[in-house]
Amino acid sequence: MDLLNTDQPILEPLKLPELSSLSLHSKEDQLTCLFCQERFDNDKDLLLQHLLLSHNFVIADVHLIADFPQYISYWTRKFQTKPVTAYCTTMRAKVNEKSDNSTKEAETREFSLLSDIVPEDKELRRKLQIDRLENVLKIHESENNNENFCRTCLFCKHSFDRHPDLFDHMAFDHNFSVGQPANLVYVNKFLDLLQDKLNRLVCFFCEKTFKTREVLKEHMRKKGHKKLNPQNKEYDEFYLVNYLEFGKNWEDLSKETVEEEDLSGFEIEKDDNVEWSDWRDNVGRMVCLFCQANYSENKDLFEHMSAIHGFHFQKVKEELKLDFYQQVKMINYIRRCVHLNTCLGCGTSFPDREKMLEHLSWSDHYRPPPKEWNQPQFFFPTYENDNLLHCLDEGEEEEEESAENLPVVVPESVDTDLSQSILQDYNVRKSLMKKPVQ
């Protein structure tokens with residue numbers, strides 16, 4: 001018996017139901033105490049205060065918990081099967097209680113501390129962070145594919161059916177930029193917040209309230225406040241970067257940028273004398289010619305190859321007096337040999353790189369013969385993204401030498417006596433004069 005009904009063929013592509021409404025937060029409307037039945041209307045602070053005063057219970061680093069209701073729900077179930085002491089650390093602290101404008105003598109009390117020192121708690125926090133990130137990415141994708149988007153500009157009456165177009169319009173036509181539209185999430189909520197501030201005549205940057213829209217507009221123009229305040233945490237939830245790493249926002253991630261990498265590419269000394277030699281372009285990390293080790297400075301890479309592989313790049317360069325283009329050809333040749341598991345010196349092929357490197361180490365065939373690599377074909381890189389080729393230098397001596405070899409141009413002598421010049425003839429001068437256009 002055929003279970004499939006073939007009488008009604010499928011004439012159009014099918015789609016699974018789209019995630020029309022995704023929520024970052026737990027579906028629970030109320031927070032319940034871990035130890036009693038008292039409920040709180042999604043008020044995290046009240047719950048924490050209740051746990052401290054009524055149950056001597058403290059949760060560490062609450063701001064690092066991605067989904068607080070789920071976190072509370074998990075530990076509520078855990079504490080029903082095992083005592084608090086199985087997961088918490090006990091600590092003692094003196095507490096001052098105030099009543100009727102008088103302070104009682106400090107009382108030493110014991111508190112139970114739940115923190116990510118416990119591996120299970122740490123894993124739970126990590127899992128909640130990953131779930132939140134996945135959820136936010138789904139929302140971000142659904143917003144980018146939203147065909148029903150329709151919003152009006154905050155500053156004029158133009159309407160848009162795509163939020164990137166709307167934010168680009170406000171950035172270029174109204175000088176109001178919130179960053180790259182591709183990095184935003186919860187776009188409608190974000191726009192609602194901004195629109196509400198404008199309706200209440202509140203400045204985006206300094207949060208001051210003004211009497212009329214014209215006064216607000218003039219204030220933002222004069223003070224340069226037609227932008228968001230990066231220190232205002234209210235806007236953090238609308239940027240993807242704040243969901244990427246566990247317990248870190250955009251400020252924490254920006255602080256991790258290597259201090260030696262200046263944004264402009266220049267290293268400015270104290271005397272502020274900036275020369276072209278101070279220019280340091282960010283071309284990425286450079287990979288060793290023989291292994292996967294990589295470095296951000298060519299000096300460190302050359303030291304690695306010398307110490308680990310016995311290949312002294314600078315020594316070879318100096319002995320053979322290689323210019324920039326010869327260095328490029330030699331590197332491309334070595335890259336090709338290593339890729340093909342072929343010896344640089346004798347051309348012997350090996351089944352894998354490990355045996356080829358072993359052969360190089362005992363045969364000392366690290367120096368390829370110039371007749372092999374000094375060919376035009378090796379002007380072209382073996383790997384398109386070989387950053388080492390961008391970080392080679394010719395050396396000061398070679399630059400001075402090339403400067404000394406420049407041809408000397410001697411100016412021609414000019415006869416200053418114009419008495420015999422053809423221009424002394426009036427008819428000649430008249431013929432050279434520009435005739436008026438008819």
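Hi everyone, thanks for coming. Please keep in mind throughout that this is a predicted model.

Let me start with the whole chain. Its secondary structure comes to 14 helices and 11 strands. Of the 438 residues in the protein chain, 32% are buried. The chain exposes about 31100 Å², and carbon and sulfur atoms supply 51% of that. If you take the contacts with a separation of 6 or more, residues 24 or more positions apart account for 48% of them.

Now to the sheet. What is the strand order in this open sheet of 3 strands? The order is S3-S7-S4, and the pairing is mixed. Strand S3, residues 57-59, and strand S4, residues 89-95, are the edge strands, each pairing on one side only. From one strand to the next, the twist averages 40 degrees.

A quick reminder for anyone who has been away from sheets for a while: strands pair through backbone hydrogen bonds, either parallel or antiparallel. Here you can find each kind. S3 pairs with strand S7, residues 107-114, in the parallel sense over 3 bridges. If you want to follow that pairing on the screen, look for valine 58, whose bridge partner in S7 is leucine 113. Then find isoleucine 59, which stands opposite leucine 114 in S7.

On to S4. In which sense does S4 pair with S7? That pairing is antiparallel, over 7 bridges. As a landmark there, take lysine 94, which stands opposite threonine 108 in S7.

Helix H1, residues 44-55, lies across S3 and S7 and runs at about 150 degrees to S3.

Let's move to the surface. Which residues form a nonpolar patch there? They are Tyr325, Phe379 and Phe380, and together they have about 380 Å² of accessible area. Phenylalanine 380 lies in the loop between helix H12 (370-373) and helix H13 (396-404). Phenylalanine 380 counts as exposed because its relative accessibility is 61%, and the cut-off for exposed is over 50%.

Next comes leucine 201, found in the loop between H5 and helix H6 (213-223). Its phi is near 60 degrees, a positive value in a residue other than glycine. Is leucine 201 buried or exposed? Leucine 201 counts as buried, because its relative accessibility is 16% and buried means under 20%.

The last stop is lysine 321, in the loop between helix H9 (313-320) and helix H10 (324-339). Lysine 321 also has a positive phi, about 50 degrees, although it is not a glycine. With 71% relative accessibility, lysine 321 counts as exposed.

Technical notes:
Residues are numbered from 1 along each chain as its sequence is written. This is a predicted model: local features need pLDDT of at least 70, side-chain atom pairs count only at pLDDT 80 or more; totals for chains, interfaces and linings use all residues. Side-chain values use heavy atoms; hydrogens and water are left out. Two strands pair if DSSP finds at least two bridges between them. Helices (H or I, at least four residues) and strands (E, at least two) are DSSP runs, numbered from the N terminus. Axes are lines fitted to C-alpha atoms, for helices over the stretch in contact, and angles run from 0 to 180 degrees between N-to-C directions. Contact means heavy atoms within 4.5 Å. Patches are made of residues with over 30% relative accessible area and no salt bridge: like charges are joined within 9 Å, nonpolar side chains (Val, Leu, Ile, Met, Phe, Trp, Tyr) within 5 Å. Accessible areas come from the Shrake-Rupley method with a 1.4 Å probe; for residues, only the protein chains shown count as cover. A salt bridge is a side-chain nitrogen of Lys or Arg within 4 Å of a carboxyl oxygen of Asp or Glu. Buried means under 20% relative accessible area, exposed over 50%, partly exposed in between (1.4 Å probe, protein chains only).
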